[in-house]
Amino acid sequence: MTLKLDFLVFGAHADDAEIGMGGTIAKHAKAGCRIGVCDLTLAEMSSNGTIERRRAEAEEAARALGLASRSNLELPDRGLVSDPAFIQRIVAEIRLHRPRVVFAPYWEDRHPDHTACSRLVQEAVFNAKLRKYMPELPAHTVEETYFYFINDTAEPDVMIDVSSVYASKQASLRAYRSQFETSGADVVRTPLNQGYLERVEARDSLLGQKRSVAYAEGFITKLPYMPVRFQ
């Protein structure tokens, strides 16, 4: 059964989309857009948390943002290589939901899985429009592809004011207690639990200052810029 979406956001792990564009998701969901997030992996290689706990956290974050759907392709964490089978799985997700706009991580990032996710999604968006590729599923042309920032950033082509919904972004991030909290005897020290959320907020605040708003999220496109249809 097809669940048509306005936006489909891909991330390598649950929490990637929230870090990069949780405010944009919340803002457009509140405005009536149907938004889905597809996590490529179960993040089974994470130093903290379990697969089961990460699933529950992702569901809590989805509720905080007002997502219409959330899926997980269960591809191998730290194994996101350019495998035709992986691209087919992503193409199937695009054709199932037939989104107008697709989002993926920015193609430059310190985490190899984020850059791999970006590359796989770009290939899948291209293949999704080819009617002779996987002909058992109707071809679909994505109107726009935008890239959000997780760790590394660049000068954005598009900036979205998310001040009015920033509390929802913060709630979605707080859902990932296994990743961002420092308490617990078995917690391993990682960049995520050493002030990472404060740095995300500072980044969003700094970008907002450029347009005199409290918080903003930025996006890049590889195509010539036109007035975006997701503002």
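**His97 and the overall fold**

Student: Is His97 buried or exposed, and what is its relative accessible area?

Tutor: This is a predicted model, in which local features need pLDDT of at least 70, side-chain atom pairs count only at pLDDT 80 or more, and totals for chains, interfaces and linings use all residues. Residues are numbered from 1 along each chain as its sequence is written, and side-chain values use heavy atoms, with hydrogens and water left out. Buried means under 20% relative accessible area, exposed over 50%, partly exposed in between (1.4 Å probe, protein chains only). His97 is buried, its relative accessible area being 6%.

Student: Which residue has its backbone oxygen 2.8 Å from a polar atom of the side chain of His97?

Tutor: Contact means heavy atoms within 4.5 Å. Leaving aside neighbours within four places in sequence, His97 has contacts that include Lys4, Leu5, Leu8 and Ser69. The backbone oxygen at 2.8 Å from a polar side-chain atom of His97 is that of Leu3.

Student: Which helix holds His97?

Tutor: Helices (H or I, at least four residues) and strands (E, at least two) are DSSP runs, numbered from the N terminus. The protein has 7 helices and 7 strands. Residues 84-97, and with them His97, belong to helix α3.

Student: What share of the contacts with a separation of 6 or more comes from residues 24 or more positions apart?

Tutor: Along the sequence the order of elements is β-α-β-α-β-α-β-α-β-β-α-α-α-β. Among contacts with a separation of 6 or more, the share from residues 24 or more positions apart is 83%.

Conventions. A polar contact is a pair of N or O atoms within 3.5 Å; within protein, one must be able to donate a hydrogen and the other to accept it, and residues adjacent in sequence count only if both atoms are side-chain atoms.
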